[in-house]
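Visitor: I'd like to learn how to read a model like this one. Could you walk me through it?

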Amino acid sequence: MAKTPPHIEGEVLAMIAAGYSLAAVSSQFGLSYHTVRGIQKRAGIKSGEIKKQIILKYQNALKDSLASDFIRDKASALLMDDLALSSKLRSKLHVLLDELPDSPRDTKEAVLIARSLSAIATSLKLSNDTLRASFKLGEEPEINEDLPELIVREMLEKEIEEIKAEQKSIVSA
């Protein structure tokens, strides 16, 4: 029996480590299943070993990046930007509000004033939401109680009769 060339063995091992089945590898290289399995056993390579290593590597990298100072710095910068915009928006809204007449001259002007007031109210709401969110950043997250479990099932005939009887006794009382 001829020995498999080293470069072929290397490719066989790479495919096995990448997760290809022994049958697929043997078909790819025209080798018998037993030859491929022998190459695998001699090298001690597990099927899909590289995939697991790569996945683990990137999971760890993602965890590290989420816990990094970069993320905290970026979030802090965004928060500072939101607070600055909120402050600027509030000052402009005060100027706009002072410019609106107290009593409109006609219906068209009344509609424009109503729209302006609505836009101001919406802007103030968004500004307040930004401020509230920024103050909650350092707090512990709220723990909500679990909702009760809702069980939906078909009622038995006996249960239906009991409910009907109970309703009749309430109505007749």
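Guide: Let's begin with what counts as a helix: a DSSP run of H or I with at least four residues, numbered from the N terminus. Keep in mind that this is a predicted model. Just past the end of helix 3, G44 has a positive phi of about 70 degrees.

Visitor: How many helices and strands does the protein chain have?

Guide: Seven helices and zero strands. Going along the sequence, the pattern reads α-α-α-α-α-α-α.

Visitor: And how much of the chain is buried?

Guide: Of the 173 residues in the protein chain, 15% are buried. The chain exposes about 14,600 Å², and 60% of that comes from carbon and sulfur atoms. As for contacts with a separation of 6 or more, 53% of them join residues 24 or more positions apart.

Visitor: Which residues make up the largest nonpolar core?

Guide: The general idea comes first: in soluble globular proteins, nonpolar side chains tend to be buried together. Here the largest nonpolar core has nine residues: I8, V12, L13, M15, I16, L22, V25, V36 and I39. Helix 1 (6-18), helix 2 (22-29) and helix 3 (33-43) each give two or more residues to this core, and helix 1 gives the most, with five.

Visitor: Which residues of helix 3 are buried, and what do they pack against?

Guide: V36, G38, I39 and Q40 are buried in helix 3. The buried residues of this helix pack against helix 1 and helix 2. Take V36: leaving out neighbours within four places in sequence, V36 contacts V12, I16, L22, V25, S26 and L31.

Visitor: S26 is a serine in that list. Is S26 buried or exposed?

Guide: S26 sits in helix 2. Its relative accessible area is 9%, so S26 is buried, the cut-off for that being under 20%. Not counting residues up to four places away in sequence, S26 touches L31, S32, Y33 and V36.

Visitor: Now the surface. Which residues form a nonpolar patch there?

Guide: First, a bit of helix geometry: an α-helix has 3.6 residues a turn, so residues three or four places apart point the same way. In this model, I50, I54 and Y58 form a nonpolar patch on the surface, and together they have about 300 Å² of accessible area. Y58 belongs to helix 4 (residues 49-66).

Visitor: Why does Y58 count as exposed?

Guide: Because its relative accessibility is 53%, and exposed means over 50%.

Key
Residues numbered from 1 in each chain as written. Predicted model: local features only at pLDDT ≥ 70, side-chain atom pairs only at ≥ 80, totals over all residues. Heavy atoms only, no water. Core = buried A, V, L, I, M, F, W, Y, C linked by side-chain atoms within 4.5 Å. Buried < 20%, exposed > 50% of the residue type's maximum accessible area, 1.4 Å probe, protein only. Contact = heavy atoms within 4.5 Å. Patch = residues over 30% accessible without salt bridge, like charges linked within 9 Å, V, L, I, M, F, W, Y side chains within 5 Å. Areas by Shrake-Rupley, 256 points an atom, 1.4 Å probe, with all protein chains shown as cover. Salt bridge = Lys/Arg side-chain N within 4 Å of Asp/Glu carboxyl O.
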